[in-house]
Amino acid sequence: MERIPYNLMTPVGREAEYVAEAMNSGRIGSSARFTRTCEAFLRDRLGAPEVLLTSSCTSSLEISVRLLDLQPGEEVILPSFTFVTTASAVVRGGGRPVFVDIEPGTMNIDCRKIEAAITPKTRAVIPVHYAGVGCDLEALQPIAEKHGLVIIEDAAQAIGSTYQGSPLGTIGSLGAISFHETKNIGCGEGGALIINDPSLIERARIIRDKGTNRFEFEGGKADKYTWVGIGSSYALAEMNAAYLLGQLEALDHVTERRRSLHQRYIQHLRPLADRGCIEIFEQPGLAGSNGHIFYLLARSADEQKRLLAHCQASKVLAVFHYVPLHSSPMGRSLGWQAGDLPITEDLANRLVRLPMFESLDDRMQLKIVQTVSAFFGPEG
(Lines give C-alpha, C1' and ligand atoms only; values in the text may rest on other atoms or scores of the structure.)
Protein backbone atom coordinates (compact mmCIF):
# COMPACT_ATOMS: atom_id res chain seq x y z
CA MET A 1 0.00 0.00 0.00
CA GLU A 2 1.26 3.48 -0.84
CA ARG A 3 1.72 6.19 1.75
CA ILE A 4 -1.57 7.24 3.39
CA PRO A 5 -1.78 11.06 3.53
CA TYR A 6 -3.21 12.94 6.48
CA ASN A 7 -5.67 14.78 4.26
CA LEU A 8 -6.85 14.43 0.68
CA MET A 9 -9.52 16.59 -0.93
CA THR A 10 -11.10 15.10 -4.05
CA PRO A 11 -14.15 16.09 -6.13
CA VAL A 12 -17.35 14.65 -4.70
CA GLY A 13 -19.91 16.03 -7.15
CA ARG A 14 -20.18 18.45 -10.07
CA GLU A 15 -17.05 20.52 -9.33
CA ALA A 16 -15.44 20.02 -12.77
CA GLU A 17 -18.68 20.87 -14.58
CA TYR A 18 -19.18 24.04 -12.57
CA VAL A 19 -15.56 25.20 -12.95
CA ALA A 20 -15.78 24.72 -16.72
CA GLU A 21 -19.01 26.71 -16.76
CA ALA A 22 -17.37 29.52 -14.79
CA MET A 23 -14.38 29.51 -17.16
CA ASN A 24 -16.69 29.96 -20.15
CA SER A 25 -18.91 32.56 -18.54
CA GLY A 26 -16.55 35.52 -18.88
CA ARG A 27 -17.01 36.29 -15.16
CA ILE A 28 -14.22 34.79 -13.05
CA GLY A 29 -13.59 37.64 -10.61
CA SER A 30 -16.09 37.63 -7.75
CA SER A 31 -19.76 38.12 -6.94
CA ALA A 32 -21.06 36.40 -10.05
CA ARG A 33 -23.44 33.46 -10.38
CA PHE A 34 -21.55 30.84 -8.38
CA THR A 35 -20.75 33.23 -5.55
CA ARG A 36 -24.41 34.18 -5.24
CA THR A 37 -25.54 30.55 -5.43
CA CYS A 38 -23.12 29.44 -2.70
CA GLU A 39 -24.14 32.32 -0.44
CA ALA A 40 -27.83 31.49 -0.94
CA PHE A 41 -27.13 27.81 -0.21
CA LEU A 42 -25.38 28.70 3.04
CA ARG A 43 -28.02 31.22 4.12
CA ASP A 44 -30.72 28.60 3.61
CA ARG A 45 -28.72 25.80 5.22
CA LEU A 46 -27.65 27.82 8.25
CA GLY A 47 -30.75 29.95 8.66
CA ALA A 48 -28.58 33.07 8.93
CA PRO A 49 -29.66 36.60 7.96
CA GLU A 50 -26.59 36.94 5.71
CA VAL A 51 -23.59 34.89 4.61
CA LEU A 52 -20.74 36.41 2.61
CA LEU A 53 -18.19 34.30 0.78
CA THR A 54 -14.65 35.43 1.51
CA SER A 55 -11.17 34.54 0.31
CA SER A 56 -10.46 32.61 3.54
CA CYS A 57 -11.60 32.06 7.10
CA THR A 58 -8.77 34.44 8.00
CA SER A 59 -10.56 37.12 5.98
CA SER A 60 -13.83 36.35 7.76
CA LEU A 61 -12.19 36.69 11.17
CA GLU A 62 -10.48 39.94 10.18
CA ILE A 63 -13.78 41.41 8.99
CA SER A 64 -15.43 40.27 12.24
CA VAL A 65 -12.81 41.95 14.43
CA ARG A 66 -12.87 45.10 12.32
CA LEU A 67 -16.62 45.30 12.97
CA LEU A 68 -15.81 45.62 16.69
CA ASP A 69 -14.04 48.96 16.12
CA LEU A 70 -11.44 48.06 18.74
CA GLN A 71 -9.64 50.89 20.45
CA PRO A 72 -5.93 50.63 21.43
CA GLY A 73 -5.52 48.32 24.40
CA GLU A 74 -8.92 46.68 24.13
CA GLU A 75 -8.94 42.91 24.52
CA VAL A 76 -10.46 39.81 22.97
CA ILE A 77 -10.50 36.47 24.82
CA LEU A 78 -9.69 33.27 22.90
CA PRO A 79 -7.97 29.92 23.38
CA SER A 80 -4.26 29.59 22.75
CA PHE A 81 -4.84 26.20 21.11
CA THR A 82 -5.97 27.46 17.71
CA PHE A 83 -4.60 28.45 14.33
CA VAL A 84 -2.60 31.67 14.25
CA THR A 85 -5.22 33.69 12.39
CA THR A 86 -7.69 33.60 15.29
CA ALA A 87 -5.21 35.73 17.23
CA SER A 88 -3.65 37.63 14.33
CA ALA A 89 -7.10 38.93 13.34
CA VAL A 90 -7.33 40.53 16.78
CA VAL A 91 -3.86 42.06 16.50
CA ARG A 92 -4.52 43.35 12.97
CA GLY A 93 -7.75 44.87 14.27
CA GLY A 94 -5.83 46.85 16.89
CA GLY A 95 -6.62 44.66 19.89
CA ARG A 96 -4.78 42.43 22.34
CA PRO A 97 -5.48 38.68 22.44
CA VAL A 98 -6.03 37.29 25.94
CA PHE A 99 -5.51 33.55 26.04
CA VAL A 100 -7.50 31.16 28.23
CA ASP A 101 -6.77 27.50 28.91
CA ILE A 102 -8.71 24.67 27.25
CA GLU A 103 -10.63 21.73 28.67
CA PRO A 104 -9.61 18.08 28.25
CA GLY A 105 -12.07 16.06 26.21
CA THR A 106 -12.91 18.73 23.62
CA MET A 107 -9.74 20.87 23.31
CA ASN A 108 -12.11 23.87 23.37
CA ILE A 109 -11.81 26.97 25.54
CA ASP A 110 -12.70 26.27 29.16
CA CYS A 111 -15.67 28.55 29.73
CA ARG A 112 -15.27 28.19 33.50
CA LYS A 113 -12.05 30.20 33.21
CA ILE A 114 -13.29 32.98 30.95
CA GLU A 115 -14.82 35.26 33.57
CA ALA A 116 -11.52 35.49 35.47
CA ALA A 117 -9.87 36.82 32.29
CA ILE A 118 -12.41 39.60 31.73
CA THR A 119 -11.29 43.16 32.41
CA PRO A 120 -12.86 46.57 31.73
CA LYS A 121 -11.02 46.46 28.38
CA THR A 122 -12.56 43.17 27.20
CA ARG A 123 -14.79 43.57 24.13
CA ALA A 124 -15.35 40.09 22.75
CA VAL A 125 -14.65 36.38 23.04
CA ILE A 126 -13.80 34.05 20.17
CA PRO A 127 -14.61 30.42 20.95
CA VAL A 128 -12.97 27.94 18.58
CA HIS A 129 -14.98 24.81 17.78
CA TYR A 130 -12.05 22.42 17.63
CA ALA A 131 -12.44 19.35 15.40
CA GLY A 132 -15.99 20.46 14.60
CA VAL A 133 -17.12 19.92 18.20
CA GLY A 134 -19.03 22.85 19.64
CA CYS A 135 -17.64 24.89 22.49
CA ASP A 136 -19.85 25.01 25.61
CA LEU A 137 -21.92 27.89 24.27
CA GLU A 138 -24.62 27.27 26.87
CA ALA A 139 -22.12 28.33 29.52
CA LEU A 140 -20.52 31.07 27.42
CA GLN A 141 -23.64 32.99 26.40
CA PRO A 142 -24.71 34.18 29.88
CA ILE A 143 -21.14 35.26 30.62
CA ALA A 144 -21.05 37.31 27.41
CA GLU A 145 -24.44 38.86 28.14
CA LYS A 146 -23.47 39.73 31.71
CA HIS A 147 -20.33 41.57 30.59
CA GLY A 148 -21.61 42.97 27.28
CA LEU A 149 -19.22 40.92 25.13
CA VAL A 150 -19.61 40.07 21.48
CA ILE A 151 -19.28 36.37 20.58
CA ILE A 152 -17.45 35.64 17.33
CA GLU A 153 -17.49 31.91 16.59
CA ASP A 154 -14.37 30.53 14.96
CA ALA A 155 -16.20 27.72 13.18
CA ALA A 156 -13.38 27.14 10.70
CA GLN A 157 -13.59 23.37 11.18
CA ALA A 158 -17.32 23.15 11.82
CA ILE A 159 -19.27 23.18 8.54
CA GLY A 160 -22.07 20.65 9.07
CA SER A 161 -21.73 20.63 12.88
CA THR A 162 -24.48 21.66 15.30
CA TYR A 163 -24.85 22.64 18.95
CA GLN A 164 -28.19 21.81 20.58
CA GLY A 165 -29.62 21.60 17.07
CA SER A 166 -28.30 24.96 15.84
CA PRO A 167 -25.56 25.11 13.18
CA LEU A 168 -22.23 26.20 14.61
CA GLY A 169 -21.40 29.72 13.47
CA THR A 170 -25.01 30.89 13.86
CA ILE A 171 -25.14 31.32 17.65
CA GLY A 172 -22.82 34.28 18.22
CA SER A 173 -23.16 37.67 16.55
CA LEU A 174 -20.74 36.51 13.86
CA GLY A 175 -19.26 33.22 12.68
CA ALA A 176 -16.35 32.31 10.43
CA ILE A 177 -16.07 29.12 8.34
CA SER A 178 -13.09 27.82 6.38
CA PHE A 179 -13.16 26.19 2.95
CA HIS A 180 -9.42 25.51 2.91
CA GLU A 181 -8.40 22.27 1.22
CA THR A 182 -7.84 20.64 4.62
CA LYS A 183 -11.48 21.07 5.68
CA ASN A 184 -14.48 18.76 5.14
CA ILE A 185 -15.75 20.97 2.31
CA GLY A 186 -13.36 23.19 0.41
CA CYS A 187 -12.18 24.96 -2.69
CA GLY A 188 -8.44 25.25 -2.07
CA GLU A 189 -8.67 28.61 -0.33
CA GLY A 190 -11.95 30.13 0.74
CA GLY A 191 -14.20 31.06 3.63
CA ALA A 192 -17.55 32.41 4.70
CA LEU A 193 -18.63 35.09 7.12
CA ILE A 194 -21.91 34.30 8.88
CA ILE A 195 -23.68 37.47 10.03
CA ASN A 196 -26.31 36.78 12.68
CA ASP A 197 -26.72 40.39 13.85
CA PRO A 198 -28.57 42.21 11.03
CA SER A 199 -27.18 45.56 12.16
CA LEU A 200 -23.71 44.44 11.01
CA ILE A 201 -24.64 43.36 7.49
CA GLU A 202 -24.16 46.64 5.63
CA ARG A 203 -20.75 47.40 7.14
CA ALA A 204 -19.59 43.82 6.62
CA ARG A 205 -20.40 44.05 2.91
CA ILE A 206 -18.46 47.30 2.63
CA ILE A 207 -15.42 45.85 4.40
CA ARG A 208 -15.52 42.68 2.27
CA ASP A 209 -15.74 44.70 -0.96
CA LYS A 210 -12.62 46.87 -0.52
CA GLY A 211 -14.46 49.61 1.36
CA THR A 212 -16.86 50.27 -1.53
CA ASN A 213 -20.61 50.34 -1.98
CA ARG A 214 -20.41 47.57 -4.59
CA PHE A 215 -23.40 45.64 -3.21
CA GLU A 216 -25.65 48.70 -3.28
CA PHE A 217 -24.40 49.69 -6.73
CA GLU A 218 -24.91 46.27 -8.31
CA GLY A 219 -28.37 46.09 -6.72
CA GLY A 220 -29.38 49.38 -8.29
CA LYS A 221 -29.60 51.16 -4.95
CA ALA A 222 -26.67 53.52 -5.64
CA ASP A 223 -26.01 55.40 -8.86
CA LYS A 224 -22.23 55.46 -8.41
CA TYR A 225 -19.67 52.81 -7.42
CA THR A 226 -17.37 54.52 -4.93
CA TRP A 227 -15.26 54.37 -1.77
CA VAL A 228 -17.45 54.64 1.33
CA GLY A 229 -15.44 53.11 4.19
CA ILE A 230 -12.44 51.09 5.31
CA GLY A 231 -12.13 47.64 3.77
CA SER A 232 -9.91 45.30 1.83
CA SER A 233 -9.98 42.70 -0.93
CA TYR A 234 -11.73 39.88 0.91
CA ALA A 235 -14.03 38.47 -1.79
CA LEU A 236 -13.77 34.91 -3.15
CA ALA A 237 -12.92 34.41 -6.83
CA GLU A 238 -15.70 32.94 -8.97
CA MET A 239 -13.62 29.91 -10.01
CA ASN A 240 -13.25 28.93 -6.36
CA ALA A 241 -16.95 29.49 -5.78
CA ALA A 242 -17.77 27.19 -8.70
CA TYR A 243 -15.69 24.38 -7.21
CA LEU A 244 -17.16 25.10 -3.78
CA LEU A 245 -20.73 24.71 -5.02
CA GLY A 246 -20.01 21.15 -6.14
CA GLN A 247 -18.65 20.44 -2.67
CA LEU A 248 -21.52 22.10 -0.82
CA GLU A 249 -24.08 20.06 -2.73
CA ALA A 250 -22.42 16.93 -1.27
CA LEU A 251 -22.21 18.31 2.28
CA ASP A 252 -24.55 15.74 3.83
CA HIS A 253 -22.75 12.84 2.18
CA VAL A 254 -19.31 14.09 3.25
CA THR A 255 -20.47 14.75 6.82
CA GLU A 256 -21.99 11.31 7.23
CA ARG A 257 -18.93 9.63 5.71
CA ARG A 258 -16.58 11.38 8.14
CA ARG A 259 -18.83 10.62 11.11
CA SER A 260 -18.76 6.97 10.08
CA LEU A 261 -14.96 6.99 9.83
CA HIS A 262 -14.78 8.66 13.25
CA GLN A 263 -16.90 5.96 14.84
CA ARG A 264 -14.85 3.20 13.20
CA TYR A 265 -11.68 4.71 14.66
CA ILE A 266 -13.26 4.66 18.12
CA GLN A 267 -14.41 1.07 17.66
CA HIS A 268 -10.98 -0.15 16.55
CA LEU A 269 -8.94 1.87 19.06
CA ARG A 270 -11.08 1.40 22.14
CA PRO A 271 -9.06 -1.68 23.26
CA LEU A 272 -5.92 0.51 23.39
CA ALA A 273 -7.82 3.11 25.38
CA ASP A 274 -9.15 0.46 27.75
CA ARG A 275 -5.56 -0.66 28.37
CA GLY A 276 -4.56 2.92 29.19
CA CYS A 277 -2.23 3.28 26.20
CA ILE A 278 -4.11 6.23 24.70
CA GLU A 279 -7.03 8.54 25.42
CA ILE A 280 -9.87 8.84 22.91
CA PHE A 281 -13.02 10.87 23.26
CA GLU A 282 -16.64 10.00 22.54
CA GLN A 283 -18.90 12.66 21.09
CA PRO A 284 -19.97 15.15 23.80
CA GLY A 285 -23.73 15.10 24.28
CA LEU A 286 -24.44 18.73 23.41
CA ALA A 287 -22.43 18.96 20.19
CA GLY A 288 -23.26 17.34 16.84
CA SER A 289 -19.80 16.92 15.34
CA ASN A 290 -19.05 16.78 11.62
CA GLY A 291 -16.20 14.30 12.13
CA HIS A 292 -13.60 16.81 10.97
CA ILE A 293 -10.66 15.50 13.01
CA PHE A 294 -9.97 12.24 14.77
CA TYR A 295 -7.31 12.63 17.41
CA LEU A 296 -5.94 10.65 20.31
CA LEU A 297 -3.73 11.59 23.23
CA ALA A 298 -0.51 9.76 23.94
CA ARG A 299 0.68 9.37 27.52
CA SER A 300 3.58 11.82 27.20
CA ALA A 301 5.21 14.26 24.80
CA ASP A 302 8.02 11.80 24.19
CA GLU A 303 5.55 9.04 23.34
CA GLN A 304 3.74 11.37 20.95
CA LYS A 305 6.97 12.00 19.04
CA ARG A 306 7.83 8.32 18.89
CA LEU A 307 4.31 7.36 17.75
CA LEU A 308 4.41 9.97 14.98
CA ALA A 309 7.80 8.70 13.82
CA HIS A 310 6.53 5.11 13.88
CA CYS A 311 3.52 6.05 11.76
CA GLN A 312 5.70 7.96 9.31
CA ALA A 313 8.02 4.95 8.94
CA SER A 314 4.95 2.81 8.26
CA LYS A 315 3.79 5.21 5.52
CA VAL A 316 0.93 6.58 7.59
CA LEU A 317 1.00 10.37 7.87
CA ALA A 318 -0.28 11.00 11.38
CA VAL A 319 0.44 14.55 12.58
CA PHE A 320 0.46 16.78 15.65
CA HIS A 321 -1.46 20.05 15.67
CA TYR A 322 -1.06 23.61 16.93
CA VAL A 323 1.90 24.96 18.82
CA PRO A 324 0.04 26.93 21.53
CA LEU A 325 0.01 30.56 20.49
CA HIS A 326 0.91 31.94 23.91
CA SER A 327 4.23 30.07 23.79
CA SER A 328 5.06 31.09 20.22
CA PRO A 329 7.57 33.86 19.42
CA MET A 330 4.72 36.28 18.68
CA GLY A 331 2.85 35.23 21.81
CA ARG A 332 5.95 35.87 23.92
CA SER A 333 6.30 39.31 22.35
CA LEU A 334 2.80 40.06 23.66
CA GLY A 335 3.84 39.17 27.21
CA TRP A 336 2.93 35.49 27.40
CA GLN A 337 5.30 32.66 28.24
CA ALA A 338 5.47 28.88 28.47
CA GLY A 339 3.81 27.69 31.67
CA ASP A 340 0.98 30.23 31.59
CA LEU A 341 -1.56 27.68 30.30
CA PRO A 342 -0.48 24.27 31.61
CA ILE A 343 -3.44 22.24 30.36
CA THR A 344 -3.10 23.62 26.83
CA GLU A 345 0.62 22.86 26.81
CA ASP A 346 0.18 19.33 28.15
CA LEU A 347 -2.59 18.36 25.70
CA ALA A 348 -0.92 19.96 22.67
CA ASN A 349 2.26 18.01 23.39
CA ARG A 350 0.40 14.68 23.50
CA LEU A 351 -2.12 15.06 20.67
CA VAL A 352 -1.89 12.88 17.55
CA ARG A 353 -4.22 13.34 14.57
CA LEU A 354 -4.92 10.33 12.37
CA PRO A 355 -5.69 10.55 8.62
CA MET A 356 -9.25 11.64 7.92
CA PHE A 357 -10.78 12.35 4.51
CA GLU A 358 -13.90 11.40 2.56
CA SER A 359 -12.17 8.87 0.30
CA LEU A 360 -10.37 7.08 3.14
CA ASP A 361 -11.44 3.48 2.56
CA ASP A 362 -11.75 0.52 4.94
CA ARG A 363 -8.44 -0.98 3.84
CA MET A 364 -6.53 2.24 4.53
CA GLN A 365 -8.25 2.81 7.86
CA LEU A 366 -7.46 -0.75 8.95
CA LYS A 367 -3.78 -0.18 8.13
CA ILE A 368 -3.81 3.01 10.20
CA VAL A 369 -5.26 1.36 13.31
CA GLN A 370 -2.96 -1.64 12.91
CA THR A 371 0.00 0.73 12.72
CA VAL A 372 -1.02 2.51 15.93
CA SER A 373 -1.69 -0.79 17.67
CA ALA A 374 1.67 -2.21 16.59
CA PHE A 375 3.45 0.73 18.21
CA PHE A 376 2.11 -0.21 21.64
CA GLY A 377 2.37 -3.97 21.12
CA PRO A 378 0.51 -6.60 23.14
CA GLU A 379 1.79 -5.29 26.48
CA GLY A 380 1.27 -1.54 25.85
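Which ring does the charged end of arginine 33 sit over? The ring belongs to phenylalanine 34, with the charged end 4.4 Å from its centre. A charge counts as sitting over a ring when NZ of Lys or CZ of Arg is within 6 Å of the ring centre and within 35 degrees of the ring normal. Arginine 205 does this too, lying over the face of phenylalanine 215 at 3.6 Å from the ring centre.

A word on the model itself. It is predicted, so local features need pLDDT of at least 70 and side-chain atom pairs count only at pLDDT 80 or more, while totals for chains, interfaces and linings use all residues. Residues are numbered from 1 along each chain as its sequence is written, and side-chain values use heavy atoms, with hydrogens and water left out.

On to the inside. The largest nonpolar core has 76 residues; such a core is a set of buried Ala, Val, Leu, Ile, Met, Phe, Trp, Tyr and Cys residues joined through side-chain atoms within 4.5 Å. Buried means under 20% relative accessible area, exposed means over 50%, and partly exposed is in between (1.4 Å probe, protein chains only). Helix α8 (residues 238–248) gives this core its largest share, 5 residues. Helices (H or I, at least four residues) and strands (E, at least two) are DSSP runs, numbered from the N terminus. Ile77 is among the residues with the most contacts inside the core. Setting aside neighbours within four places in sequence, the residues in contact with isoleucine 77 (heavy atoms within 4.5 Å) include Val98, Ile114 and Val125. A second, separate core holds 27 residues, including Ile266 and Phe375.

Charged pairs come next. Side chains of opposite charge can pair when their charged atoms come close. The structure holds 20 salt bridges, each being a side-chain nitrogen of Lys or Arg within 4 Å of a carboxyl oxygen of Asp or Glu. One of them joins arginine 208 to glutamate 39, with the closest N and O atoms 3.3 Å apart. This pair links helix α6 (residues 201–208) with helix α2 (residues 33–46), and its partners are 169 residues apart. Both arginine 208 and glutamate 39 are buried. Aspartate 252 bridges to arginine 45, with closest N and O atoms 2.5 Å apart. Aspartate 252 lies in helix α9 (residues 251–274) and arginine 45 in helix α2, so this bridge ties together parts 207 residues apart in sequence. Aspartate 252 is partly exposed at 47% relative accessibility, and arginine 45 is partly exposed at 36%.

Glutamate 75, in strand β2 (residues 75–79), counts as buried at 9% relative accessibility. Its side chain makes a polar contact with the side chain of threonine 119 (2.8 Å). A polar contact is a pair of N or O atoms within 3.5 Å; within protein, one must be able to donate a hydrogen and the other to accept it, and residues adjacent in sequence count only if both atoms are side-chain atoms.

Finally, the rings. A search of the whole structure finds 10 aromatic pairs. Rings of Phe, Tyr and Trp (its six-membered ring) pair if their centres lie within 6.5 Å; planes under 30 degrees apart count as stacked, over 60 as edge-to-face and the rest as tilted. Tyrosine 130 and tyrosine 322 are edge-to-face, at 6.1 Å centre to centre and 70 degrees between the planes. Tyrosine 130 is buried at 1%, and tyrosine 322 is buried at 12%. Phenylalanine 217 and tyrosine 225 are stacked, because their centres are 5.7 Å apart and their planes at 25 degrees.
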